[in-house]
Amino acid sequence: MSEGPRGAAGEMQPTRLHALHVVTGVAFLLAAGLGALLVGPAGIPPDQVLAQVASRIPFIPIHSHLSATADVVVWQLRMPRIVLGGIVGAMLALAGASYQGVFHNPLADPYLLGVASGAGLGATVAVVELPHLRGLGFDPLPLAAFVGAIVAVGATIALGRTRERARDATSLVLGGVAVGAFLAAAQTFLLQRDTPVLQEVYTWILGGLSTAGWSEVELVLPYVGVAATVLILCRRLLDVLSVGDDEAGSLGVHADRVRLAVVAAATLGTAAVVSVSGLIGFVGIIVPHTIRLVLGPSYQRILPLSVLFGAGFLIAADVLARTVLSPGEIPLGVVTAFLGAPFFLVVLRQSRRLAG
Amino acid sequence: MRRRTISAIAVAATAFASYGAASASTPARIAGRGAAPVEVAGASGTAGGTRRPTRILSLSASATQMLYAIGAGGQVVGVDKYSTYPPNAPRTSFTGYESSAEDYLPLRPDLVILAFDTSHLVAQLHSLHIATLVLPPATTVAGADTQIRELGRATGHAAAAGTVVVSIHDDLAKVVRSVGTRAAGRTYYIELDPTYYSATSKTFIGSLFSRFGMVDVADAAGRASSGYPQLSAEYLVKSNPDYVFLADTVCCAQSARTFAARPGFAGLRAVHLDHVIPVNDSTASEWGPHSLETFAALIARAVERRGASGTK
């Protein structure tokens, strides 16, 4: 067994990703996806949904007899929502894990460096100042949120530059706090001037997949694909960084370069997904920490499994969001917080009990 | 105009719902000069015998409509930026959400009318010896009637207010009669924003549809939402309403075209029959006489279109 970063007691921790871990993650993701596919207010019998899906798989001789309406529900409403939920959950969990790695900060989440406030300000500007664009058939909100998030993190990186070291972790985090506070103030100012838009902006902030379609999937997939690839490739370097920047330097790893690459990739992916889903919290903290508590601190395990479990977690949370008050919905961000925080505490207590 | 109080209620459900729920049955309060808040009936206007206000500042679009309807427009010195009816009302840049009542002093108001008291403006105005009247969102037509009568008493137009209330009900009954039973049992969905926030029949706007005998598809989701649930696209496809009323045309630039272009919506009955009706956002969120009559007429016209389109 290969060994990697040290655990809390100083012992070397295993790093290898076992097939069983991956199989478990895939099984969780498939179970969540299947549940999401079969459940919904349209009340389509599960066997018909399964037959409909199977009929589209090549070489499977099953013919579906779903009505046109049921076909629309399955392929145009449920399926893109599941896929988008999976992409968003995977990206947020992956970005959260990566941020925790480069900043050595267990509370780091994808919004640490100002993505949330930047995207929030961008969304507010789009709603307040650019509503006329919607009349032209172009919704500026996703693009504005994306640009806002990128600009916010860019400002954080620029402000986080210190004399002693190009971009150390503490300076970046403090820069993120300052930028986040400034942009949040600007957003509040805009909202104060135009209170009728509060509802739309806050609906976006609470996060959700209620308007998910294939176009949103196509929109975010390239960004998430690039970001996820970069982050997964950096998983070994994150393990090296866990021993400290100076020690990593002695091993030939440029900590600030790795940090910049990881932050850039995580920001790109996070900005893309929040532009279509809004600000969904907790996923980036709960999922990586749960994996860490169960399988140890190696990012060679945490990052790939965050993709699978993050996707499955958000899909499952979305099932709750759209079924608990069905046919009404609950904002997805509310569900992730409500569900995730107690779950995380249970895992934490269980982990301590085992360690004790 | 983009005042969308109903939509805001959907998000800040608990706080706003408590206002809304109270509006139909709880009298608004007026704070008289130098006195603790007391019930409006005994405090001002001709009914109470206190001094008739001559410089009214209305920070509620619905109240502005009511003031002009009862003949108190001549006493109005300012209205908030969202009061667009009547067009000749003296509009200001105020929103009603100012943090300091001092902002209003240049207008020298002797009565300020609010829909909400989010910044403790009532207490501030009270300390400035300026009377206030809080008229929260009405949840029924009867609640709006009560507010019109209260405004009449507070402004010295009690008799005219009574006449306006009777007139509103007469006009409403006439419109409903003109439609007859053609709308009865027809389902509708009213959209407050593109993420499918809607209003049930327990809301002010929903109660209007009920008068025509129409059935709100949002009612099934209304039990835990204070009247403004968020529905899902899948539920809309399943419920397949006969009519869709888009009250997010201003805020969110929605239209029959953008609605039909959403995933899975092209086959909806309302889309197929051209029954997707654009509504000015504020018309759907205000409870003044003008909004009420405008919306009732809109429903009637929509049903007439249905008749013309050949459906049963």
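Modeller: In chain A, 75% of the contacts between residues at least 6 apart in sequence join residues that are at least 24 apart; two residues are in contact if their C-beta atoms, placed from the backbone, lie within 7 Å. Please keep in mind that this is a predicted model, in which local features need pLDDT of at least 70, side-chain atom pairs count only at pLDDT 80 or more, and totals for chains, interfaces and linings use all residues. Residues are numbered from 1 along each chain as its sequence is written, while chains are lettered from A and ligands numbered from 1 in the order in which they are written.

Now the overall build. Along its principal axes, the C-alpha trace of chain A spans about 65 × 55 × 35 Å. Of the 356 residues in chain A, 52% are buried; a residue is buried if 20 or more other C-beta atoms, placed from the backbone, lie within 10 Å of its own, exposed if 12 or fewer do, and partly exposed in between.

Two packed helices are described by the angle between their axes and the distance between the axes. The axes of H3(A) and H14(A), the latter covering residues 299-323, come within 7 Å and cross at roughly 140°. Here the axes are lines fitted to C-alpha atoms, for helices over the stretch in contact, and angles run from 0 to 180 degrees between N-to-C directions. H3(A) and H14(A) are therefore oblique to each other, since angles under 35 degrees count as roughly parallel, over 145 as roughly antiparallel, 65 to 115 as roughly perpendicular and the rest as oblique. By class, the contact of H3(A) with H14(A) has 16 nonpolar, seven polar and two charged residues. In this scheme Ala, Val, Leu, Ile, Met, Phe, Trp, Tyr, Cys and Pro count as nonpolar, Asp, Glu, Lys and Arg as charged, and the others, Gly among them, as polar.

One residue brings this down to scale. Ala97(A) sits in helix H3 of chain A and is buried, with 31 other C-beta atoms within 10 Å. Ala97(A) and Leu303(A) are 206 residues apart in sequence, yet 6.5 Å apart in space, C-alpha to C-alpha. Setting aside neighbours within four places in sequence, Ala97(A) is in contact with Pro288(A), Tyr299(A), Ile302(A), Leu303(A) and Ser306(A).

H3(A) also turns up at the partner chain. There, 31 residues of chain A are in contact with 32 residues of chain B. The elements giving two or more residues to that side of chain A are H3 (68-103), H5 (131-135) and H8 (198-206), and H3(A) gives the most, with eight residues. By class, the side of chain A that touches chain B holds 14 nonpolar, 12 polar and five charged residues.

H8(A) itself is mostly covered, with seven of its nine residues buried, among them Trp204(A) and Glu200(A). Just after H8(A), Gly207(A) takes a positive phi of about 80°.

Finally, two backbone details in loops. Most residues other than glycine have a negative phi, and most peptide bonds are trans. Phe282(A), in the loop between H12 (255-277) and H13 (283-295) of chain A, has a positive phi near 80°. With 22 C-beta neighbours inside 10 Å, Phe282(A) counts as buried. The peptide bond from Ser326(A) to Pro327(A) is cis, with omega near 5°, and Pro327(A) lies in the loop between H14 and H15 (332-355) of chain A.

Notes
Helices (H or I, at least four residues) and strands (E, at least two) are DSSP runs, numbered from the N terminus.
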